[in-house]
Amino acid sequence: MSFFTDSLILGIIEAAPLVLATVGFTLIFYLSGFINVAYAETITLGAYFAIVFNSMLGLNFYLAIIPSALLSGVISVGTYLVVFRPAFKRGVGSTEMIILSVGLSFFIRYSLRLIFGSHLYALDIVSPTSFRIFGIGITNIQLTALILVAVITAGLYLFIYRTNYGEMMRGLANNEDLAMVSGINPVRVSVLIWFIAGVAGGLAGLFYGVFSFVNTLLGWRLILIIIMITIVGGIGNVRGALIASIGAGIITAAVTLITKPLYGEVILLLSFIGILRLKKVRR
Amino acid sequence: MAQFLSGYAMYTFSSIVVFVALATLLHLQFGLTGIVNFGVVGFFGLGMYSFGVFLIQYNIPYLVAMLLATVLTGVVALGLGKLILDLDSQSILVATLAIATVVEDLVITEKWLTKGVIGLGTVPFPFDLGPFSQAGYFLLALVLTVLLILYAYKLESSPYGRLLLSMQDNEPLARSLGKSTSRQKLIFFSITSGLMGLFGTLHASNIHFMVPRMLGPGVTFTVWIALILGGRKRILGGLVGTLATIGLFDFVIETFVPIPAAQSQLLPVIKLWIYGLGLMLILMYRPSGILGEKKLTNR
Amino acid sequence: MPEKKLHIKNIAKSFGGRTVVDIADLTLGTHGIEGLIGPNGAGKTTLMNLITHKLKMDHGQVVYYPNGEEMDISNRSMDEIARFGIVKTNLIIQDFESLSIRDSLLLSLSTRKYEKFYRIFSEGALLKETKAEIEEYLEYFHFENPDGHALSAGEKKLLDIIRCLVLKPKFLLMDEPTAGLPEDQTIKVMDLMKKKTKEEDMSILIVEHDLDLIWNVSEIVYFMAEGEILLKGTPEEIRKDRTVAVKYMGVSHV
């Protein structure tokens with residue numbers, strides 16, 4: 001009994017940043033139709049921005065969240081306007097787009113390496129206060145992460161299904177020409193979505209940076225799992241991303257409790273291949 | 001002379017030759033048949049490590065171990081292929097990337113087999129020629145790679161090559177003409193991936209000592225950029241691209257460009273940074289690579 | 001008169017709630033050339049795709065009778081069915097981007113024995129084996145540049161047809177084969193079809209909107225509308241039928 005509740009709670013706590021990252025990722029995937037591997041770097045950048053504002057410039061952690069998240073959003077928009085949109089216009093196919101995004105990912109990651117070096121950074125946080133919920137320790141930061149996740153996920157869900165912009169995004173994703181004819185400005189809507197996704201990714205990176213150390217591989221390590229969760233949960237499906245992320249978090253937590261953590265990744269990845277087969281994803 | 005033949009230069013040439021082979025195999029998979037294999041290092045590494053394990057942990061004779069490792073890699077590719085080859089390109093990309101990650105993870109976790117992060121060694125050269133062993137190995141690798149390239153040449157002007165090309169162009173049309181495309185894709189993928197494993201065993205006998213870190217995505221990425229740069233649809237695309245990337249960085253710049261010691265740590269970082277930038281630029285502005293598109297051959 | 005080739009029983013296909021094909025019983029291949037006509041959306045192409053298994057039927061059975069044997073092909077794959085001798089030309093132009101006209105034909109003519117990953121020296125043998133046949137077709141239809149790509153839509157259509165013909169199918173399904181072809185090529189195609197059905201053991205089912213052509217070449221005509229085969233008869237009978245006139249041709253016939 002204890003094992004299950006432990007896994008459940010630990011899983012949800014650990015899944016919080018993953019949910020943020022996946023929700024952002026699934027939006028871009030849905031809108032633009034390809035897997036943006038460079039999204040990993042949006043996550044990493046969130047963590048590094050936090051390092052700059054928090055550890056280097058001395059800002060309080062909670063205050064540092066705001067500029068870090070916003071800047072991540074800006075960079076995300078930047079990649080869209082400078083790299084992806086021009087590539088679309090040049091007729092780069094969706095398979096080549098993924099390869100392109102891998103190139104961008106390496107480019108950003110190694111830029112960060114050149115700037116920050118390869119050693120680990122830690123965020124400067126005042127000794128966290130711990131609570132105990134169902135026997136598991138949870139810090140106030142993890143609690144903040146959970147609350148943010150809940151708020152953002154709910155907000156995004158409402159945004160996509162209840163607002164005009166959300167409707168425009170869905171229209172744009174389904175048929176760009178038709179959407180344009182109906183008066184939707186593709187660039188404006190796309191910029192908004194990429195910004196939101198960037199913010200979500202940056203926040204995810206930030207919280208991952210809290211739970212462990214910050215280095216340039218932070219996002220890259222996660223991207224495969226994020227892709228998997230997105231596909232399992234349904235591309236563009238916020239609720240699906242939420243459920244699948246929590247599922248992945250729980251599985252990882254459960255495996256970590258019993259045996260080596262890497263086995264968690266192996267199990268997730270192998271089941272991913274199985275799920276791909278079962279779903280026969282067509283896009 | 002003896003020093004040159006056993007020194008760094010020869011060692012690097014040997015590595016380059018193996019990468020040329022990998023890039024050529026990727027050309028056969030992606031450029032010819034349209035399979036987006038992002039798990040190159042998975043098959044390469046599986047061959048490399050299983051060879052090491054068979055040889056060192058189980059004392060299996062050298063050639064037998066090489067053969068077993070190659071076959072094992074081919075079988076794994078077959079299994080994976082059955083699951084994913086009739087999915088769309090994005091799924092194949094992600095699934096092959098996933099399998100490569102699984103291979104890397106398992107090499108780390110199964111310490112009892114692979115010695116984990118400590119590393120596995122020592123794999124000797126295939127033959128002992130004293131100070132000329134490195135040169136001898138280089139020749140062996142070179143011969144095998146040249147054979148591979150010759151095979152690719154003949155393949156692409158044969159009925160089978162035409163079939164693979166047609167499958168990439170328009171698979172439903174090929175099927176409507178009675179071609180068993182699923183089966184052929186599977187067979188060809190298994191064989192070319194198995195060969196990646198073979199070159200993995202060769203590489204093991206060059207580097208002598210292997211660590212799990214070698215199985216990271218860097219290898220796959222390097223092979224991809226080499227092929228895209230050289231020209232994915234051209235048989236020599238792998239050769240040209242590899243020389244222009246690894247050849248340039250790991251040999252020319254390392255050997256001839258004087259870099260102060262303080263900066264030398266940065267070179268691998270800058271290299272991958274340039275690869276990333278280069279990949280983006282090529283895909284946007286010259287997707288057919290240095291060698292460009294193939295012209296229709298006349299019969 | 002050739003014996004029946006295909007027996008289609010109780011076949012149906014729906015897309016998103018709309019029934020596109022619903023046929024209780026249909027026997028094809030009893031005559032050399034059979035015509036299939038009907039308004040747009042009648043389900044003609046879908047029916048053909050169900051037979052060749054490019055589309056999966058919701059339920060039903062397709063039985064094939066090559067050389068007097070009986071073979072249930074309902075669950076066979078698209079490429080298997082083509083290998084069994086049931087081939088369909090394409091309504092929308094399809095081609096291989098990287099292959100020249102000659103290459104396309106070589107592809108079609110190359111058999112399993114040539115297509116092994118280790119048979120890399122067999123091109124010569126294939127060329128020798130197929131030279132006469134390819135030259136015959138190229139000359140008959142006069143392509144502008146056989147070593148290049150098919151240039152016009154008409155040439156692509158022709159190439160599509162020839163690729164199917166060289167497979168020597170027992171049952172050929174043609175989906176509007178003459179759409180986009182100039183008059184002289186249309187005549188050549190139809191003459192060739194008539195010749196082949198007489199000389200070889202081939203039956204053809206041809207879908208066409210060019211009704212004069214249908215009346216001209218078909219021995220039997222089927223009229224299909226709203227997913228069902230409503231009528232079957234000789235060209236004269238179908239031509240005069242009121243239902244056809246109303247459902248297909250509007251008020252009066254062209």
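**Figure 1. Chain C of this predicted model is divided into two parts, domain 1 and domain 2.** Domain 1 is built from two stretches, 6-94 and 168-247, while domain 2 covers 96-149. Between the C-alpha centres of domain 1 of chain C and domain 2 of chain C lies a distance of 28 Å.

**Figure 2. Chain C touches chain B.** Chain C brings 33 residues to the contact, and chain B brings 28 residues. On the side of chain C that touches chain B, at least two residues each come from helix H2 (78-84), helix H3 (101-109) and helix H4 (123-141) of chain C. The most is given by H3(C), with five residues. By residue type, this side of chain C has 13 nonpolar, eight polar and twelve charged residues.

**Figure 3. Helix H4 of chain A packs with helix H14 of chain B.** Angles over 145 degrees count as roughly antiparallel, so H4(A) and H14(B) are roughly antiparallel to each other. Their crossing is left-handed.

**Figure 4. Residues of H4(A) and H14(B) make the contact between these helices.** From H4(A), the residues include Glu96(A), Ile99(A), Leu100(A), Gly103(A), Phe106(A), Phe107(A), Tyr110(A) and Arg113(A). Among those from H14(B) are Val269(B), Leu272(B), Trp273(B), Tyr275(B), Gly276(B), Met280(B) and Leu283(B). The residues of this contact divide into 15 nonpolar, three polar and two charged.

Terms used:
Residues numbered from 1 in each chain as written. Chains lettered and ligands numbered in written order. Predicted model: local features only at pLDDT ≥ 70, side-chain atom pairs only at ≥ 80, totals over all residues. Axes fitted to C-alpha atoms, helices over the stretch in contact; angles between N-to-C directions. Helix = DSSP H or I, 4+ residues; strand = E, 2+ residues; numbered from the N terminus. Parallel < 35°, antiparallel > 145°, perpendicular 65-115°, else oblique. Left-handed = near helix turned anticlockwise from the far one by under 90°. Contact = placed C-beta atoms within 7 Å. Nonpolar A, V, L, I, M, F, W, Y, C, P; charged D, E, K, R; others polar. Domains from an automatic or database assignment.
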